Amino acid sequence: MQKKILVTGGAGYIGSHTVVELQNSGYEVVIIDDFSNSLPDSLKGIESITGKKPFFEQLDLCDAAGLKLFFNKHKNIAGCIHFAASKAVGESVNKPLHYYRNNLNSLMNLMECMIANGVEPLVFSSSCTVYGQPEKLPVTEDAPILKALAPYGNTKQICEEIIQDTITSGVKVKAIALRYFNPIGAHPSAKIGELPQGIPNNLVPYITQTAFGVRKELSVYGNDYNTPDGSCIRDYIHVVDLAKAHVIAISRLINGINKKPYEIFNLGTGNGYSVFEVIKAFEKASGKPLPHKVVPRREGDIEKIYADTKFANEELGWKAQLGIDDMMAHAWAWEQYYRKATHA
Ligand code: UFG
């Protein structure tokens, strides 16, 4: 019998790509999403890629009673992958209570339902933001956690602690936190991808929208950092590689091959690219110049970060396969497909 995985936030960017990989690996998927930062189109996209329609329920995970009813209906969930969360760093500074309420309550409600229903495996979406600006690069999983600069990052740190403390208390939950570096790109079919609402905060959606003519030009936030070309360095990872790591992580927990009840893995490629290098890679992939100008630094940006991937490579047997050129080509194909399909 197919094992059933609950994916919260499964209509979102990383969630939808993970649903595809889970279905392709033989899992049955049930999705909870409240469409607060996603659209039903992604569910259609998933179905057109895999030919399978995931079960879907529109639900806010802060609705504890609604979540209990959901678990009553789905008695045989084998594991949960928890993506659903608010994720805009800047917005979190202006709406801290919303971020704390939404991101913390949704995790606690989910864990309570898992415990009440005997569901043990949990994969949690964390972020390399918990490291702040690390002293040593590449950054390993045991690097110190630094005080978060924004409520968003703080919610990720607190969520990790909630999971850790709950497991330490002796309840039967086992978890893997995946600390993502910078997920970009889209499914190679161009049928699902990132759908930022309003003006994108993140680099790659801003680049693709600029290339399509939706935005006038990209602002490069600072060229005076202590890096070879002066712009910030990040570890960009293809969203499909990231999605595949989730399938491995949940399978590891379901099959009981995890070494500890709570494990943490970095998910990156190990390569750092500067903003100017990303622009060059995009220009190569799209065949057109990208209008851009240098503006002052963005508050809160760290100078450089990239992952030490050894632990994930060795323990999970997972390694990112797709490079920056694929990331750019797929992000660009998705932008064009989506704009044409929606006449947006
Ligand atoms: N950048 C620009 N112009 C833009 C947007 C971004 O120059 O219009 C630069 C940023 O200054 C940074 C790089 O591009 O140097 C990447 O910026 P993103 O906003 O795409 O990503 P961040 O690294 O700031 O943030 C991402 C996620 C967060 C996560 C964080 C962890 O969006 O959720 O990584 O470091 F917390």
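Hi everyone, let's start with the inside of this protein: of its 344 residues, 54% count as buried. Keep in mind that we're looking at a predicted model.

What about the outside? The protein exposes about 15200 Å², and carbon and sulfur atoms supply 52% of that area.

Now, the overall build. There are 11 helices and 13 strands in the protein. Along the principal axes, the C-alpha atoms fill a box of roughly 55 × 45 × 40 Å. A compact globule with 344 residues would have a radius of gyration near 20 Å, and the protein has 19 Å, so the two agree.

Let's move on to the ligand.

Have a look at the oxygen atoms of the ligand on your screens. One lies 2.8 Å from a polar side-chain atom of Asn202. In the side chain of Arg298, an N or O atom is 2.9 Å from a ligand oxygen. And for Asp301, a polar side-chain atom lies 2.5 Å from an oxygen atom of the ligand. How much of the ligand does the protein bury? Taken alone, the ligand exposes 680 Å², and the protein buries 90% of that.

Methods. Residues numbered from 1 in each chain as written. Predicted model: local features only at pLDDT ≥ 70, side-chain atom pairs only at ≥ 80, totals over all residues. Heavy atoms only, no water. Polar contact = N/O pair within 3.5 Å; in protein donor to acceptor, adjacent residues only side chain to side chain. Areas by Shrake-Rupley, 256 points an atom, 1.4 Å probe, with all protein chains shown as cover. Helix = DSSP H or I, 4+ residues; strand = E, 2+ residues; numbered from the N terminus. Rg over C-alpha atoms; globule rule 2.2 N^0.38 Å. Buried < 20%, exposed > 50% of the residue type's maximum accessible area, 1.4 Å probe, protein only.
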